[in-house]
Amino acid sequence: MTHLFPESDDAESSVRRALEGKHILITGTTGFLGKAVLEKLIRAVPEVGGIHVLVRGNARHPDARERFYSEIASASVFERLRNQDNEGFEAFLEEKVHCVQGELTRPRFGLTDAEHGRLASRVDLVINSAASVNFREELDKALSINTLCLDNLAALARAGGGTPVVQVSTCYVNGMNSGNIGEDIIKPAGAAIPRREHGYYCTEALVRLLHDKVTDVRSRYAGKQLEKKLVELGIREANHYGWSDTYTFTKWLGEQRLMEALSDQALTIVRPSIIESALKEPMPGWIEGVKVADAIILAYAREKVTLFPGNRESVIDVIPVDLVANSILLAGAEALVREPARRIYQSCSGSRNPISLGEFIDHLMAEAKDNYAAYDKLFSRQPSKPFMAVNRTLFDTAVTGIRVPLSLASKAMKMAGHSRELKLLRNLDTTRALATIFGFYTAPDYVFHNDKLMDLAERMGDADRELFSVDPRRIGWETYLRKTHLGGLNRYALGDRRVYSLRTRRQRRAAAAA
């Protein structure tokens, strides 16, 4: 068997060997995936030299380290580590986790030249999971967070003499392309964009054009109207070039930006599909916040949505967060020990363990019917109506046909002195809003493939295939959706994220001095 380390055997983790003693910079640790990567790195690779987390201060916690302890280290994702050895966990944070107070969107992250130089010389690997995942973000904000800030990341990697970068993107940079989507550079499905001989696309002129359009909108609008117009501009430009929303458009631009800036260095792009709750680690069902599918599930549980546009026969691609975190660490280990190259991996389930939208819905509806009482924060009672996915044309026709008379009835009630809006009308508007944002993802006509990621896993030994599993075939969809995922939503997403309050830095110092 071939390993990343030819001399290693199946009982030894090649990933742990690659990361041992290394200093790793992680961005986006206030987010769902970033926390999962941080937790897995602490738990599985305690021999790591140091973990540097880029955190900006905020109004409540101006100091980055205090914000880290308050918003990150107190999160439910670390419950397993705390239960195993709380003192050891706190000691690890004090000794090996270094908070870098900075902002990804600012040149040099807002650090001084000397601070930036020290960070660049110390870091061996960069993992960027920071992003704006708002599908309807204002265009200028989405560009800043998902595209332009990658110039600052590339500058750090170059200053470090070629530090490998792992960039977390998304499978949905495929945009409106259909068919089989492989681990390659994605061609725009809309208007043409110039392509370089190295394969990536030239985005400089396009980004300048987008900035000019943002400037024009800013000159003509203000306040809430400005925000609305910038959102509309982002959607319009994304659609023009072949994407359904601003998020995926600006993430694709970010991929191209990094490939050009780091064309002669080690760059690995990891594209997850729809990230959902953990399959096993750190705890089955662990999740933070409400994700793509969960917004619809929650609306159904609250009896606000029963009809949605979608194709029951299409493959909906969902991947547990722990498999994504493992993919990122696997890719990072490879980048440290192999020759510098551009690599693209997709963390997805659609080609190897597909589940149709219809099966996905049926599993969740069956659990809601049989065991709704077990999910007290999700369901207040047993759902009285089935959830139906219909084609987009039928959905639009039905919603429009129902909404017109309801709207007239609501206006009539208001004229008669009744101020309360019809509940059915409110629910219909909720359905339309969710369909506008997520409808593209529930009627897929593409299948994501992960052959290269699976080949990488095959090159590892047995230890790494267990310790850092990336294989979607391990997902048993019925158990995962009916028990693991709904249980996780109920306990973690709708429960208290901060299950443990770490002592403040001042309290820890006082205790140590006592």
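1. Pro282 sits in the loop that runs between strand E8 and helix H11 (292-301). Helices (H or I, at least four residues) and strands (E, at least two) are DSSP runs, numbered from the N terminus. The peptide bond from Glu281 to Pro282 is cis, its omega being near -5°. Most peptide bonds are trans, and most residues other than glycine have a negative phi.

2. On the source: this is a predicted model, in which local features need pLDDT of at least 70 and side-chain atom pairs count only at pLDDT 80 or more, while totals for chains, interfaces and linings use all residues. Residues are numbered from 1 along each chain as its sequence is written, and side-chain values use heavy atoms, with hydrogens and water left out.

3. Glu281 and Pro282 come up again in the lining of the second largest cavity, together with Ala36, Glu39, Lys40, Arg43, Val321, Asp322, Ala325 and Asn326. On a 1 Å grid over the protein atoms alone, a cavity is a set of points where a 1.4 Å probe fits but cannot get out; a pocket is an open set with protein on both sides within 12 Å along at least five of seven lines; lining residues have an atom within 4 Å of a point. The second largest cavity holds about 70 Å³ of space; a volume is the space filled by probe spheres set on the points, with grid points joined across faces, edges and corners. Helix H2 and helix H12 (321-337) each give at least two residues to this lining. Its residues divide into five charged, four nonpolar and one polar. In this count Ala, Val, Leu, Ile, Met, Phe, Trp, Tyr, Cys and Pro are nonpolar, Asp, Glu, Lys and Arg are charged, and the others, Gly among them, are polar.

4. Arg108 belongs to the loop between strand E3 (97-101) and helix H5 (113-122). Glu303 belongs to the loop between H11 and strand E9 (307-309). Arg108 is partly exposed, with a relative accessible area of 38%, and Glu303 is partly exposed too, at 21%. Buried means under 20% relative accessible area, exposed over 50%, and partly exposed in between (1.4 Å probe, protein chains only).

5. The structure has four cavities of 30 Å³ or more. The largest cavity holds about 230 Å³ of space. Of its 23 lining residues, Ile296, Ile297, Phe360, Ile361 and Phe387 are the closest to its centre. H11, E9 and helix H13 (357-371) each supply at least two residues, and H13 gives the most, with six. The lining has 21 nonpolar and two polar residues and no charged ones.

6. Ile361, named in the lining above, is 9.4 Å from Leu481 in space, C-alpha to C-alpha, and 120 residues away in sequence. Leu481 lies in helix H18 (residues 477-493) and counts as buried at 1% relative accessibility. Beyond its neighbours within four places in sequence, Leu481 is in contact (heavy atoms within 4.5 Å) with Ile355, Phe360, His363, Leu364 and Leu486.

7. The largest pocket holds about 1200 Å³ of space. It is lined by 44 residues, of which Gly31, Phe32, Ser129, Ala131 and Val133 are the closest to its centre. At least two lining residues come from each of helix H2 (32-44), strand E2 (50-55), helix H10 (246-261), strand E8 (274-276) and helix H15 (423-438). By class, the lining has 22 nonpolar, 15 polar and seven charged residues.

8. Which residues of helix H6 (residues 139-148) are buried? They are Leu139, Asp140, Ala142, Leu143, Asn146 and Thr147. These lie on the same side of H6, because they cover an arc of only 160° around the axis; the arc is that of the directions from the helix axis to the C-beta atoms. Their cover includes helix H7 (150-159), helix H8 (204-220), helix H9 (223-241) and H10.

9. As for the whole, the protein chain has 19 helices and 13 strands. Of its 514 residues, 55% count as buried. Among contacts between residues at least 6 apart in sequence, 82% join residues at least 24 apart. The accessible surface is about 21800 Å², with 49% belonging to carbon and sulfur atoms; areas come from the Shrake-Rupley method with a 1.4 Å probe, and for residues only the protein chains shown count as cover.
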